[in-house]
Amino acid sequence: MDALPEALRSAFDPERFRRDGHALVDQLADYLRAVTQRGGPVLPWAEPEDNLARWSGSFPDEPGTSLGELMTRVLAGSNHLHHPRYVGHQVTAPLPSSALVHLASALLNNGTAVYEMGPVSAPMERRALAWMAQQAGFPAEADGVLTSGGSVGNLTALLAARQAITGRDVWDEGLAGGKPLAILVPDETHYCVKRAAQILGLGRGGIFSIPVDERFRLRPEALPETFALAERTGRQVFAVVASAGSTSTGAFDPLEPVADFCRQRGLWFHVDGAHGAAAVLSPKYAHLAAGLGRAESLVWDAHKMMLLPALVTAVLFRDGRRSYEAFSQRADYLLRHGAHGEWWNPAHRTLECTKRMMGLELWAALALHGTRMFSDYVTRMFDLGRTFAAMLDDADDFELAVAPDCNIVCFRHVPDDFQDLDGHQERVRARLLAEGSFYLVQTRLRGHVHLRVTLINPLTTEADLEGLLESIRRVGSS
Ligand SMILES: *Cc1c(COP(=O)(O)O)cnc(C)c1O
C-alpha cells in the first residue's frame, strides 16, 4: 500500500490537535470575556445574501485556511448568546464546561445506538434520565430516552401514545381502515406538536384546539366540549397535550385538571415541557408544574433551561415500558429483558440511529456543577422575568401583554398618539437588530405584534433590561 497521504497524516496528527486545540480554547476564552463584558454587537446583522457572499462555495484541493483564521471569521459573524444583552429565542448561553465536554464527545463519537458503540454514554443517559424523572415527580418505573430536540421528542411521545391508546396496531398495519384519529392541543401549542400530529397521519382535521384564557393558559373547562367536537367528526381521540411553558408567552397550563380529564376518558396525557419543565428544579417555582408527575409522557429540553448546547432533549414516560412502543408495536425486547428492556441499546427507542453522546453531556453537566446550580439558575431567570414585567408595568410608555409565568415576557412600546403600533414594534426591533445593541424577537398575540424576550442568559441583569427599555425609546422616537 502507498504511504498515507500527507494531508491525512497531518489531519490525524495528535500534536497538531494539541496545538490547534490550545489555541482554539484561548481564542474562545478571549471571545467569552469580550462578549460577557458586553463588547461589540449582540448579533452583527448582515443580510442573508451578503453573508452568503462572504463564504466561498469552492474548496481548495490542498489544505487551505487555518483553524484560527476560520474561527476568527466565525466568531465575528455569529449571534453572541453569551452576550448579556442576548434576550432572544429560547436557546441558552451554554456552559463553557459543556462546550469542552462536547469537544470530547465529538472526538470519541460513541454513537450510542447500540451498547457496544456507547458503553459510557448509555449508562450515563439512563442515570441522568432517572434523575430528571424523579425531579418531575415520576415513579420509580419511569424511563425514557434522550433525543435530538423537543420536536423529535414530542413526535416520539405521541407515537407511543398512539400505540398505547388506540387499540390498533397502526405501527404495523397503517392507518387505513380504522377510524380517523385526533389529539387535543392548546391553542398556544408549539408548531412542532401539530407537525408531529400530521406526521402521525392525523391530518390537519385531526388536531383540535383547546381554547386558552386571557393569560394564554389552556382552559380545562373547555376540554369536554373540545373532546365532544372531535368525536362528532367521527374521530377517535387518543391524547391531550398541555404545555409546561408555552413558547410564545411561557404560560403554564393547569396540569392537574387535564390529568383528571385524561384519566376519566382513558386518554394519554402528554406534557410539552421543552422550555418550562425545569421549573420543577426550583423550590420557588415548582408549583407552576404541579401535576406534572401525572403525565404519561413529558418532553424536557436540556438545551433550553439546563444550560446545555443544542440538542439534548429528554422524553420521559411515567411507565417506562411505554418508551419501547414508540417505534414498535410488539415490544419484543421487553419479553426478553423484563420491564426495562434493553435500556443499553437506545436505538430501540429513538428516531436516531447514530446520535451524539447526549448522556455524557447531560451527566457531566450535573456532576461537574452540582444540581443546586441548575435550581438557582431557574429561580433567578424566572425572578428576572417578574422583575422585567414590573418595570414594564411601571412605565407609562410600555404595555405588558400578560403577567409572565416564567422567563418569557411579551410587551409593546406604546408611545403617545401613535397610530400604527404593530408596525412600530416591527421597526423598533429591526433597528435594535441593525445596531446590534440587543437581540430580541417578536410574536403575534391577540392579533397584534408584540416584542418578546426570553431571559435565558444567567449574566443578563436588571440594568441590561433598563437599557433595553431606554434603547427602545431611543430608536422608537427617531
Ligand atoms: C422550543 C420548544 C419546542 C421545540 O423544541 P426544539 O428542541 O427546538 O425542537 C417545543 N415545544 C416548546 C413548548 C418549546 O418551547
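Gly68 lies in helix α4; helices (H or I, at least four residues) and strands (E, at least two) are DSSP runs, numbered from the N terminus. The model is a predicted one, in which local features need pLDDT of at least 70 and side-chain atom pairs count only at pLDDT 80 or more, while totals for chains, interfaces and linings use all residues. Residues are numbered from 1 along each chain as its sequence is written, and side-chain values use heavy atoms, with hydrogens and water left out.

With a relative accessible area of 33%, Gly68 is partly exposed. Buried means under 20% relative accessible area and exposed over 50%, with partly exposed in between (1.4 Å probe, protein chains only). Gly68 and Asp20 are separated by 48 residues in sequence, and their C-alpha atoms are 7.7 Å apart in space.

## His83

His83 is found in the loop between α4 (67-77) and α5 (96-108). Its relative accessibility is 2%, so His83 counts as buried.

Leaving aside residues up to four places away in sequence, His83 touches Val35, Arg38, Gly39, Gly40, Pro41, Val42 and Asn457; contact means heavy atoms within 4.5 Å. Of His83 and Pro41, the C-alpha atoms are 8.5 Å apart in space, and the two residues are 42 residues apart in sequence.

## Packing of α6 and α14

Helix α6 (residues 121-135) packs with helix α14 (residues 358-369) at an angle of about 55°, and the axes are 7 Å apart. That makes α6 oblique to α14. Axes are lines fitted to C-alpha atoms, for helices over the stretch in contact, and angles run from 0 to 180 degrees between N-to-C directions. Angles under 35 degrees count as roughly parallel, over 145 as roughly antiparallel, 65 to 115 as roughly perpendicular and the rest as oblique. The α6 and α14 crossing is left-handed (the near helix is turned anticlockwise from the far one by less than a right angle; clockwise would be right-handed).

On the α6 side, the contact is made by Ser121, Met124, Glu125, Arg127, Ala128, Trp131 and Met132; on the α14 side, by Met358, Gly359, Leu360, Leu362, Trp363 and Leu366. Nine residues of this contact of α6 with α14 are nonpolar, two polar and two charged. Ala, Val, Leu, Ile, Met, Phe, Trp, Tyr, Cys and Pro count as nonpolar, Asp, Glu, Lys and Arg as charged, and the others, Gly among them, as polar.

## Packing of α16 and α17

Helix α16 (residues 421-435) and helix α17 (residues 462-476) have axes 9 Å apart and pack at an angle of about 110°. The two helices, α16 and α17, are therefore roughly perpendicular to each other.

From α16, His424, Val428, Arg431, Leu432 and Glu435 make the contact, and from α17, Leu468, Ser471, Ile472, Arg474, Val475 and Gly476. The contact of α16 with α17 has five nonpolar, three polar and three charged residues.

## Aromatic pairs

There are eight aromatic pairs in the structure. Rings of Phe, Tyr and Trp (its six-membered ring) pair if their centres lie within 6.5 Å; planes under 30 degrees apart count as stacked, over 60 as edge-to-face and the rest as tilted. Tyr285 and Phe382 form a tilted pair, 5.3 Å centre to centre with 55° between the planes. This pair links distant parts of the chain, 97 residues apart: Tyr285 is in the loop between β5 (268-272) and β6 (297-301), and Phe382 is in helix α15 (residues 371-394). Tyr285 and Phe382 are both buried.

Trp343 and Trp344 form an edge-to-face pair, at 5.6 Å centre to centre and 85° between the planes. Trp343 is partly exposed, at a relative accessible area of 23%, and Trp344 is partly exposed at 27%. Phe388, Phe398 and Phe411 are linked by ring pairs into a cluster.
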